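Subject: Structure handover

Hello,

Here is the structure I said I would pass on. Please look through it with the notes below.

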Amino acid sequence: MDTEVPANRSKLRVTLHDVAREAGVSKSTVSRMLDERLPQSDSPKARRVREVAQRLGYVRDLSAASLRRGSTGQIGVIVPRLTDTVMAMLYEALAKAAAQNGQFTIVATTDDNPDAGRAAAEALIRRGVDGLILATARTDDHFTDELRERGVPVVLALRHNGSSPASISDDRLGGYLATRHLLDLGHRRIGLITGPSYATSALGRVEGYRKAMEEAGVKIAPELVAPSSFSIESGEEVANALLALKDRPTAIFAVNDNTAIGALSAIGKAGLSVPDDVSLVGYNDIPIVSRLPTPLTSVRVPFDQIAASALRMLSEEVPSGFNAVATPTLIPRRSTARVPERG
């Protein structure tokens, strides 16, 4: 179910780390000396910690403390939107894996808005979840680091940020496999629909494209690389621009199946066919793409494996920045063929 989210909390909350740094002691020492359930020490160090905490305005986060101490059997999951089949598949995989562990998942959506993500996390924490799994990590937002600093168990899924533990697919390999497939079919004018720059999943697939092209000795034409969102509408709009080029691409790699479906629509409306005129590859292998009139070649992501790893990491001590990486698989179908002869 979707969770109602409250207004955003201040980003200026004083943390245990702030008190520890100011007092010149470890974070665990601060936590112990400010824990009201323990006997209160009157040592100079304890007095110093309490004085610094009071001066900085530190307020103990009871919700985060309850996450560390106890278990409710509830896991909070935050995704951009459930209308995105990829996110729905991830959530279903998480819910299934959690149920096998005797846990229950609660989902909140953010429309990929960082402020909404912060509010959703706070709402779920107040509901007493044992931890959070976020599929909303952005390269331009570091809220997950703040949560971990507060002691909230957090694992990222599908995307990573380099500092929080994450369960992801090898997007660089997936992008390489998709592009290598087209190169092996003789294509050299390969258009790329890149996806949003704030999502490391999209960035990794772009890196894979570039690696395959460079390895094949094919110079990447700047006009063939076009940014988009992850939506069908964006895929259609970008594909229209690629097809309008004087020397249009003979193949297109879209870093997400939704944008590939949009590209498929654009190709048809332009009076062209897949794959006779343009080969097309998507990414994620959502169920519908194998049932399209021209079944779509796509890169399959193992959502069940990613979900199981995310839940396992949530209950374990995992180093900061550790990524559990699942291997994607190219699934060739009828949307790709050898480069067409042009008269």
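Which side chains meet in a salt bridge with an N to O distance of 3.7 Å? Those of Asp42 and Arg47 do. Keep in mind that the model is predicted. Asp42 counts as exposed, at 56% relative accessibility, while Arg47 is partly exposed at 42%.

Salt bridges

In general, side chains of opposite charge can pair when their charged atoms come close. The count of salt bridges here is 21. One of them joins Arg81 and Asp111, at 3.0 Å from N to O. This pair links distant parts of the chain, 30 residues apart: Arg81 is in the loop between β1 (74-79) and α5 (85-100), and Asp111 is in the loop between β2 and α6. Arg81 is partly exposed, with a relative accessible area of 27%, whereas Asp111 is exposed at 55%.

Glu236 forms a salt bridge with Lys269, with 2.8 Å between the closest N and O atoms. Here too the pair links distant parts of the chain, with Glu236 in helix α10 (residues 232-243) and Lys269 in helix α11, 33 residues apart. Glu236 has a relative accessibility of 18%, which is under 20%, so it counts as buried. Lys269, at 65%, counts as exposed.

Thr110 sits in the loop between β2 (104-109) and α6 (114-126). Thr110 is buried, with a relative accessible area of 5%. A polar atom of its side chain lies 3.1 Å from the backbone nitrogen of Asp112. Apart from neighbours within four places in sequence, the residues in contact with Thr110 include Ile78, Pro80, Ala120 and Thr136.

The sheet

Six strands make an open sheet in the order β7-β6-β8-β9-β10-β12, with mixed pairing. β7 (225-226) and β12 (329-331) are at the edges; each has a single partner strand, so one side of each has no neighbour in the sheet. Further in, β8 (residues 251-254) and β9 (residues 279-284) pair in the parallel sense over three bridges. Helix α11 (residues 257-269) packs on the sheet and touches β6 (190-193), β8, β9 and β10 (297-300). The direction of α11 makes about 155 degrees with that of β9.

Helix α8

Helix α8 (residues 171-184) has 14 residues and reaches 20 Å from its first C-alpha to its last, close to the expected 20 Å. Its buried residues include Gly174, Tyr176, His181 and Leu182. Gly186, which follows α8, has a positive phi near 95 degrees.

Regards

Note on methods: Residues are numbered from 1 along each chain as its sequence is written. This is a predicted model: local features need pLDDT of at least 70, side-chain atom pairs count only at pLDDT 80 or more; totals for chains, interfaces and linings use all residues. Side-chain values use heavy atoms; hydrogens and water are left out. Helices (H or I, at least four residues) and strands (E, at least two) are DSSP runs, numbered from the N terminus. Buried means under 20% relative accessible area, exposed over 50%, partly exposed in between (1.4 Å probe, protein chains only). A polar contact is a pair of N or O atoms within 3.5 Å; within protein, one must be able to donate a hydrogen and the other to accept it, and residues adjacent in sequence count only if both atoms are side-chain atoms. Contact means heavy atoms within 4.5 Å. Two strands pair if DSSP finds at least two bridges between them. Axes are lines fitted to C-alpha atoms, for helices over the stretch in contact, and angles run from 0 to 180 degrees between N-to-C directions. The expected span of a helix is 1.5 Å times one less than its number of residues. A salt bridge is a side-chain nitrogen of Lys or Arg within 4 Å of a carboxyl oxygen of Asp or Glu.
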